[in-house]
Amino acid sequence: MINAEQKWPEGDVTRIPYWLYQDQEVYDREQEKLFLGPVWNYLCLEAEIPESGDYLTNFVGEMPVIVNRGPDGGIYAFENRCAHRGSLLALKNKGRAKNFVCAYHAWRHDFKGNVLSAAFAQGVNGQGGMPTDFDVSQYGPRKLRVTTLGGLVFGTLSDETPPILDYLGEAVAARLLRVLHKPLRVYGRYTQILPHNWKLYFENIKDSYHSSILHTFFSTFKVSRLSQGGGLIVSESGAHHSSYSLSHTGEQDSEFEKEQLRSNQANFKLQDKGLLDITDEYHDGCHVQAVTMMPGFVLQTVHNSIAVRHVLPKGPNETHLRWTILGFADDSEDLLKMRMKQSNLVGPAGYVSMEDGAIGGFVRRGTAQASGQSSVVLMGGRDTVSSSTRTTESAIRGFWKAYRSYLEL
Ligand code: FES
Ligand SMILES: [Fe+2]
């Protein structure tokens, strides 16, 4: 249990205590109540397992899972844990398998995780073997309930998780489906190692206030500035959000310039202006958008780069951010090249995500001896509502509102 002295400092979500990012007991409680609780966890894209027998491995919190397409064409997911002594069943990131046979003692599992057989169950030469009442159907890894939305596959261990559209809310779902409106194609994958607690990253992506202040590229090249049109949608529960900005009008924005931000470098020039080209594929003038779904799903569009980012906690002070770079199945060769080029803008070796990873590390280091102190989350007021400005921390407060409810804090 969480130390009784560790109390939320005030009644609302405008002060976030730092021990929440540092404490092992809090971390363990998140695994149990949140990730393994009544939430939808991102598993993969339908396009990654198109054929029967295709599988992928991933995690729900720290629980390893296998997701695969069964012989009936359905998608199934179960814990990547052998029913016998607990070894991983699938060892690769992806592959094709008829059954999942454990390397240790060759117990065989089907696409649903059911145990089909145990090697040498009858013994050898009439000796050894399982007791006569041994029944393989009594054993097995935990199974997940699976759902899909816009080509994405999600899983949950809880019977209480609501249908995905109720879970996400209509307004956030609309922002997600605005992008994921036709069959997808995977262009690449990589994992970014973040030297800090997973919540610092999930707050960061919900933090529409920071992006043109921290990110030199966004600000200098007017990809996304707080002075541009746009908005922020926070789901009723607070758990999910979308922020988006409209293209820069080209006019001088004196309010932005007067802040004299480090990120606004008038002397920076691009050798290849094509990096910032835009094909208006959604026909609504909006070219930068983030969507989050608690506890760890992010969909990003920056100009024509599209990516899913999956937030995977690896202990209180480490997070893996698994990126899947996307396009659509009907992309032309030119559009494919454009997406690949632009994915370098926001990838970890680019100019944006590297800064997001670094800043979470700065927070971890800055708060090393501040577990009893709290951060201030007052920008835009105290509530967790949607707004027509992105100069607000409303989506961060929404995250904490939902977090407190899941963790009963
Ligand atoms: S641990 Fe898998 S068969 Fe023994
Ligand atoms: Fe950022």
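Q: How much space lies in the largest pocket?
A: In this predicted model, the largest pocket holds about 470 Å³ of space. Of the 18 residues that line the pocket, the closest to its centre are N204, D207, V363, E393 and I396.

Q: Which elements give two or more residues to the lining of the largest pocket?
A: Those elements are α5 (198-206), α6 (211-214), α10 (353-366) and β19 (374-376).

Q: What makes a residue a lining residue of this pocket, and how do the lining residues divide into nonpolar, polar and charged?
A: A lining residue has an atom within 4 Å of a point of the pocket. The residues that line the largest pocket divide into 11 nonpolar, four polar and three charged.

Q: Why is F120 called exposed?
A: The relative accessible area of F120 is 63%. Exposed means over 50%, so F120 is called exposed. You will find F120 in the loop between β9 (115-117) and β10 (143-149). Its phi is near 55 degrees, a positive value in a residue other than glycine.

Q: Why does H283 count as exposed?
A: Here the relative accessible area is 66%. The cut-off for exposed is over 50%, so H283 is exposed as well. H283 lies in the loop between α8 (254-258) and β15, and has a positive phi of about 55 degrees although it is not a glycine.

Q: What is the omega of the peptide bond from M294 to P295?
A: Omega is near 10 degrees, and this peptide bond is cis. P295 lies in the loop between β15 (286-293) and β16 (297-302).

Q: How do you know that β15 and β16 pair?
A: Two strands pair if there are at least two bridges between them. β15 and β16 have six bridges, in the antiparallel sense, so they count as a pair. Look for V288, which stands opposite V302 in β16.

Q: What makes β12 and β13 edge strands?
A: The open sheet has seven strands in the order β12-β18-β17-β16-β15-β14-β13, with antiparallel pairing. β12 (184-194) and β13 (230-234) each have a single partner strand, so one side of each is left without a neighbour in the sheet. On average, neighbouring strands of this sheet are turned by 15 degrees against each other, direction ignored.

Terms used. Residues are numbered from 1 along each chain as its sequence is written. Chains are lettered from A and ligands numbered from 1 in the order in which they are written. This is a predicted model: local features need pLDDT of at least 70, side-chain atom pairs count only at pLDDT 80 or more; totals for chains, interfaces and linings use all residues. Side-chain values use heavy atoms; hydrogens and water are left out. Helices (H or I, at least four residues) and strands (E, at least two) are DSSP runs, numbered from the N terminus. Buried means under 20% relative accessible area, exposed over 50%, partly exposed in between (1.4 Å probe, protein chains only). On a 1 Å grid over the protein atoms alone, a cavity is a set of points where a 1.4 Å probe fits but cannot get out, and a pocket is an open set with protein on both sides within 12 Å along at least five of seven lines; lining residues have an atom within 4 Å of a point. Grid points are joined across faces, edges and corners, and a volume is the space filled by probe spheres set on the points. Ala, Val, Leu, Ile, Met, Phe, Trp, Tyr, Cys and Pro count as nonpolar, Asp, Glu, Lys and Arg as charged, and the others, Gly among them, as polar. Axes are lines fitted to C-alpha atoms, for helices over the stretch in contact, and angles run from 0 to 180 degrees between N-to-C directions.
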